[in-house]
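This report goes through a single protein chain, from local detail to overall make-up. The sequence and the structure come first.

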Amino acid sequence: MKAAHMKSAAPIRRIHPIAGTIALLTIASFWLATVVAEIWGSAATITLVKTAIPWGFLLLVPALAATGGSGVALAQGGRSGLPARKRRRMAIIAANGILVLIPSALFLAARAGAGRFDTGFVLVQAIELVAGAVNITLLCLNLRDGIRMARGRKALPSG
């Protein structure tokens with residue numbers, strides 16, 4: 001029975017790190033593009049970046065869903081240790097994304113598209129950058145812990 005479960009978990013073990021890496025790199029690219037555009041870009045560059053980010057959700061949202069779903073499947077109900085820490089972080093990442101990052105990105109895209117780089121834009125941009133940095137940090141911690149968990153699995157006997 002255990003060998004059968006290990007075999008059925010193999011595709012999930014491949015999907016999870018790939019989806020997590022895609023999510024992390026997507027969020028990091030949004031954040032970095034925003035910072036670079038804000039520091040060195042023109043209004044047109046900022047508009048391009050801010051209006052492109054919501055289109056990136058078409059990649060990000062499925063990657064995060066696949067990461068979360070495969071993580072739950074791999075954790076097999078683990079309520080302590082690294083799986084529990086990763087689960088708590090994912091809850092924060094999801095809440096931060098749904099409550100702060102997605103609404104901020106949509107607001108900023110609309111404002112940038114209208115050429116409105118006013119105080120509201122700047123304030124929401126600052127909030128978005130902080131929230132994005134939090135999610136990047138939490139995803140990096142989850143990546144680190146996932147690598148630790150994978151190493152631990154390899155050290156276990158295979159029979």
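## Arginine 144 and its partners

Arginine 144 is partly exposed, with a relative accessible area of 33%. Here buried means under 20% relative accessible area, exposed means over 50%, and partly exposed lies in between, with a 1.4 Å probe and protein chains only. Arginine 144 pairs with aspartate 145 in a salt bridge whose closest N and O atoms are 3.0 Å apart. A salt bridge is a side-chain nitrogen of Lys or Arg within 4 Å of a carboxyl oxygen of Asp or Glu.

Arginine 148 and aspartate 145 are about one helical turn apart, because they lie three residues apart in helix 4. Arginine 148 is partly exposed, with a relative accessible area of 43%. Through shared partners, salt bridges link Arg89, Arg144, Asp145 and Arg148 into one network.

## Basis of the model

The model is predicted: local features need pLDDT of at least 70, side-chain atom pairs count only at pLDDT 80 or more, and totals for chains, interfaces and linings use all residues. Residues are numbered from 1 along each chain as its sequence is written, and side-chain values use heavy atoms, with hydrogens and water left out.

The predictor's confidence in each residue, pLDDT, runs from 0 to 100. Its mean over the chain is 90, and 89% of the residues reach 70 or more. Confidence is lowest in helix 1 (residues 2-40), where the mean is 86, and highest in helix 3 (residues 81-113), where it is 95.

## Helices and annotated segments

The chain has four helices and zero strands, in the order α-α-α-α from the N terminus. Helices (H or I, at least four residues) and strands (E, at least two) are DSSP runs, numbered from the N terminus.

An unreviewed UniProt entry lists residues 53-78, 90-110 and 122-143 under "transmembrane region". UniProt positions are given in the numbering used here, feature names are shortened, and annotations may be inferred rather than shown by experiment. In the model, residues 90-110 are 100% helix and 0% strand, with end C-alpha atoms 28 Å apart. Residues 122-143 are likewise 100% helix and 0% strand, and their end C-alpha atoms are 31 Å apart.

Alanine 131 lies in helix 4 (residues 119-155) and is buried, with a relative accessible area of 8%. Leaving aside neighbours within four places in sequence, alanine 131 is in contact (heavy atoms within 4.5 Å) with Asn96, Val100 and Leu101. Its C-alpha atom is 8.1 Å from that of glycine 97, a residue 34 places away along the chain.

What does asparagine 96 touch, not counting residues up to four places away in sequence? Its contacts are Leu101, Ala131, Val134 and Asn135. Asparagine 96 is placed in helix 3 and is buried, at a relative accessible area of 11%.

Across the chain, 77% of the contacts between residues at least 6 apart in sequence join residues at least 24 apart.

## Other salt bridges

The salt bridge count comes to six. One of them joins arginine 111 to aspartate 118, with the closest N and O atoms 2.8 Å apart. Arginine 111 is buried, with a relative accessible area of 17%, whereas aspartate 118 is partly exposed, at 28%.

## Surface

Accessible areas come from the Shrake-Rupley method with a 1.4 Å probe; for residues, only the protein chains shown count as cover. Buried residues make up 34% of the 159 residues.

Trp31, Leu32, Val36, Ile39 and Trp40 make a nonpolar surface patch of about 550 Å². Patches are made of residues with over 30% relative accessible area and no salt bridge; like charges are joined within 9 Å, and nonpolar side chains (Val, Leu, Ile, Met, Phe, Trp, Tyr) within 5 Å. Valine 36, one of the patch residues, is in helix 1 and is partly exposed, with a relative accessible area of 35%.
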